[in-house]
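Keep the view open as you read.

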2 protein chains.
Amino acid sequence: MQGNSMQPSSQATVMNFLNEVAGRFPTAISLAAGRPTERFFDRLQPSALLRALSRYEQYASGRGTKRDVMASLLQYGRTAGMIEELISAQLSRDEGVVATPDRLIVTAGCQEALALCLAALCPEPGDVALVCNPTYIGATGAADASGVAIVALPGNDDDLAASVAHTAGELRRQGRTARVLYVIPDFDNPTGRVIDEAQRVALLAVCAQQRIVVLEDNPYGMFRYDGQPVPPMAALDSAGSVIYLSTYSKTLCPALRVGSLTLPQTLFGDRTARMQLFEELTQRKSFLTVNTSQIAQAIVAGLLLEQDCSLRKWVQPAVDLYRDNRDTMLRQLDRVFAPLAGTIGWNRPDGGFFLSLDLPFRFDAEAVTACAVEHGVIVMPMAFFALDASQDRRIRLAFSSVDAAQIAAGVSALGAYIAQRIEQAEAAAGVAPALATAGAGSA
Amino acid sequence: MQGNSMQPSSQATVMNFLNEVAGRFPTAISLAAGRPTERFFDRLQPSALLRALSRYEQYASGRGTKRDVMASLLQYGRTAGMIEELISAQLSRDEGVVATPDRLIVTAGCQEALALCLAALCPEPGDVALVCNPTYIGATGAADASGVAIVALPGNDDDLAASVAHTAGELRRQGRTARVLYVIPDFDNPTGRVIDEAQRVALLAVCAQQRIVVLEDNPYGMFRYDGQPVPPMAALDSAGSVIYLSTYSKTLCPALRVGSLTLPQTLFGDRTARMQLFEELTQRKSFLTVNTSQIAQAIVAGLLLEQDCSLRKWVQPAVDLYRDNRDTMLRQLDRVFAPLAGTIGWNRPDGGFFLSLDLPFRFDAEAVTACAVEHGVIVMPMAFFALDASQDRRIRLAFSSVDAAQIAAGVSALGAYIAQRIEQAEAAAGVAPALATAGAGSA
């Protein structure tokens with residue numbers, strides 16, 4: 001993540017920075033944290049975790065004695081996992097991804113899956129991982145930590161396929177090779193955008209042709225509030241280009257640290273190459289975390305069994321809450337920034353946890369602090385997710401872990417800060433502050 | 001792990017190989033698996049895990065509302081961990097390591113700690129991790145996966161300090177730098193040897209002088225069956241050279257995947273450098289596993305609270321079992337190999353899970369299969385842990401996850417195989433097979 005001095009070098013640094021700000025201003029409303037709501041955590045009380053464990057034990061008892069089952073739960077486990085069948089079933093049922101247990105590795109959260117794939121697919125110094133710009137910090141951070149070079153796709157997301165083809169060609173001329181494209185097609189973190197089906201198909205064609213593996217990260221796909229779902233790239237992939245990354249952090253809870261990666265049936269048509277990649281990923285995992293905690297796996301398994309291998313019903317209350325939160329945020333943005341129409345813009349995501357706001361000025365770490373100190377609201381500069389200066393005038397707003405009142409007050413407070421910044425800029429430029437009361441007026 | 005074509009390239013490969021052998025000969029006795037006994041797993045029934053979780057909840061309830069506690073158990077957590085205080089207390093009480101929470105990172109098993117430290121401490125191409133030869137596959141594998149060069153210390157373990165000084169000097173002349181020494185001072189895996197206190201002090205002096213960080217891995221320190229404990233290197237370290245790696249895999253159970261690393265108070269006298277290293281390790285962890293499952297952490301915490309932050313009493317039944325197993329193995333080795341005294345040798349470890357056996361012939365993967373097929377016993381070639389051919393005539397015997405009858409039968413069967421091999425060699429050389437009935441006679 002070179003080339004942008006403003007960007008904190010990692011998720012940990014960003015989180016430290018935000019935690020520090022939050023710690024200094026404990027009453028500030030955070031629209032920065034992209035966490036799942038805690039509203040429904042009472043479904044995961046210790047007694048519910050025990051029930052899930054017992055449910056899994058009962059399921060597993062068909063395969064061995066009670067002693068065998070206890071050993072499988074407590075001893076060292078198989079590196080690739082213990083519950084691939086159930087995860088495969090859930091991915092097939094809920095996300096339309098035809099996963100099979102022999103192609104699936106259970107990981108210590110999706111982050112481990114990402115780290116494993118980047119390191120395994122980009123072993124040579126000239127190998128490059130392509131990312132959108134801005135993109136999830138965990139992807140660029142994992143690449144950095146493994147010494148994998150990252151190149152941002154130029155332009156915005158209008159024609160990703162052309163952008164990939166162009167960038168891969170440029171790299172080739174430099175003697176480098178684009179090996180991987182990391183992408184969150186559904187309700188991107190940080191932008192909230194969805195890649196439409198035509199674009200997915202075009203992207204797949206380019207990636208297959210260039211032999212670029214798509215790392216499709218889909219933490220938010222289950223959280224659609226409007227419109228028709230777009231098939232995952234893994235479901236549209238006929239060439240063997242897509243590794244599908246999944247997590248239970250948003251659907252169940254983050255603390256389980258259970259995610260998965262699913263390889264395609266063949267790697268660009270080569271079944272043996274896929275099997276070799278599976279072996280390599282498994283081997284790498286054995287040197288990072290040995291195996292994913294079977295206790296955590298068994299809890300996930302028990303919950304999946306209780307839900308008949310579909311989490312659709314389980315997530316429905318959260319989906320409803322997030323939809324309401326998004327609507328509240330959009331309504332409040334409309335109200336607060338009506339006087340600034342044309343100056344401030346934002347997207348209207350059909351799902352996920354985030355939207356992005358375009359500003360007429362630079363929003364940096366200092367702005368975060370000023371906004372928190374003077375207006376009591378914490379937001380996330382988009383620059384934290386960027387590989388260049390192109391995102392300096394944007395922020396990310398998260399609506400997943402706040403309530404309606406916090407959203408209303410937070411957006412109003414942000415409006416006041418933004419109005420003040422515009423006023424200052426206009427005063428400095430000698431322009432009458434015609435629009436500058438917007439934020440204050442709506443508070 | 002270049003340079004030895006016989007050595008499987010990883011723990012996963014070794015485990016795959018051994019699992020395959022075990023799968024093909026399911027009735028064979030395995031003296032290969034270095035796993036903890038499952039005999040006491042009934043103390044970790046789901047109901048006991050729930051009790052531990054509840055015990056931790058009660059402890060944590062002093063620090064926030066029930067909702068806060070639930071959130072800390074289920075939401076994204078602090079990267080460095082949630083239960084450092086309790087782990088520090090246990091390390092201080094049980095292992096004599098003065099750990100403090102601000103220097104401790106809770107990891108997804110000790111393997112993650114090892115991977116983080118190797119990558120963070122050896123960032124440059126010329127940086128080298130020193131290891132004993134043979135050594136734990138997880139160390140060399142983690143180094144390999146991170147692209148960290150490994151150099152084996154020459155000679156056997158008689159004068160490790162001189163060996164480190166010599167090797168570091170050699171490397172310097174090549175323009176390379178020894179950054180790390182990985183070592184298991186107590187009951188080494190695979191050899192079972194203990195580094196005595198004088199040697200530890202000498203090693204620390206050399207490492208401090210050369211600014212080599214000691215990664216002291218201590219999974220077996222709690223399993224001493226005879227003699228006086230030797231202080232951990234971390235407890236003898238006054239220069240700030242030692243990172244102490246610990247795990248609950250052997251004391252509680254592997255499936256929790258909870259370990260820790262503890263940094264020294266200063267890094268070679270520099271407190272700021274230690275704090276920077278802490279930050280870097282935390283950052284790297286955030287890109288591998290985000291944070292260690294708080295559910296697993298809470299179970300560990302609850303068990304530690306129930307045991308008053310000492311696991312001495314908890315492990316006592318296992319210590320007694322392992323001592324008996326070791327004694328059974330030593331007695332049976334004495335019996336079976338009495339006729340071969342001088343030809344076959346082995347050590348008599350005061351603790352741990354392993355001993356090593358010296359043979360008069362090469363013991364390779366083919367030998368593993370032959371031994372399993374013809375004699376029904378599976379053992380581990382020491383070559384699997386080696387960086388050169390020096391270990392080709394040794395095997396590792398594990399006595400931790402078998403019972404007395406299996407040990408007796410397994411060692412007898414091994415004796416028969418060894419006798420047969422010696423007989424064949426002598427027949428081929430035209431020597432009378434005087435000693436060759438040893439194994440068969442004792443079966």
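Chain A brings 58 residues to the contact and chain B brings 58 residues as well, where contact means heavy atoms within 4.5 Å. About 4800 Å² is buried between chain A and chain B, and carbon and sulfur atoms give 63% of that. Buried area here is the accessible area (1.4 Å probe) that two parts lose on being put together, summed over both. Three residues stand out: Leu74(A), Tyr76(A) and Phe287(A) supply 17% of the area that chain A buries against chain B, more than any other three residues.

Before going on, a word on the ground rules. This is a predicted model, in which local features need pLDDT of at least 70 and side-chain atom pairs count only at pLDDT 80 or more, while totals for chains, interfaces and linings use all residues. Residues are numbered from 1 along each chain as its sequence is written, chains are lettered from A and ligands numbered from 1 in the order in which they are written, and side-chain values use heavy atoms, with hydrogens and water left out.

Salt bridges across the interface of chain A and chain B number 0, a salt bridge being a side-chain nitrogen of Lys or Arg within 4 Å of a carboxyl oxygen of Asp or Glu.

Which helix gives the side of chain A that touches chain B its largest share? That is H10(A), with 7 residues. Helices supplying at least two residues each to this side include H1 (11–24), H2 (46–60), H10 (271–288) and H11 (294–306) of chain A. Helices (H or I, at least four residues) and strands (E, at least two) are DSSP runs, numbered from the N terminus. By residue type, this side of chain A divides into 27 nonpolar, 20 polar and 11 charged.

Now look inside chain A. You'll find an open sheet of 7 strands there, in the order S2-S8-S7-S6-S5-S3-S4 and with mixed pairing; two strands pair if DSSP finds at least two bridges between them. S2 (104–107) and S4 (149–152) of chain A each have a single partner strand, so one side of each is left without a neighbour in the sheet. On average, neighbouring strands are turned by 25 degrees against each other, direction ignored. Strands S7 (242–247) and S8 (259–262) of chain A run antiparallel and are joined by 4 bridges, with Leu245(A) partnered by Leu261(A) in S8(A). Helix H4 (84–95) of chain A packs on the sheet and touches S2, S7 and S8, its direction making about 105 degrees with that of S2(A). Axes are lines fitted to C-alpha atoms, for helices over the stretch in contact, and angles run from 0 to 180 degrees between N-to-C directions.

The loop between S7 and S8 of chain A holds Arg257(A), whose phi is near 55 degrees, a positive value in a residue other than glycine. Pro134(A) is in another loop, between S3 (127–131) and H6 of chain A, and the peptide bond from Asn133(A) to Pro134(A) is cis, with omega near 5 degrees.

Over in chain B, an open sheet of 7 strands has the order S2-S8-S7-S6-S5-S3-S4. There, S3 (127–131) and S5 (177–183) run parallel, joined by 5 bridges, and Val131(B) has Tyr182(B) as its bridge partner in S5(B).

Finally, the structure holds 37 salt bridges over all chains. One of them links Arg51(A) and Glu306(A), with the closest N and O atoms 2.9 Å apart. Arg51(A) lies in H2 and Glu306(A) in H11 of chain A, so the pair ties together parts that are 255 residues apart in sequence.

Technical notes. Ala, Val, Leu, Ile, Met, Phe, Trp, Tyr, Cys and Pro count as nonpolar, Asp, Glu, Lys and Arg as charged, and the others, Gly among them, as polar.
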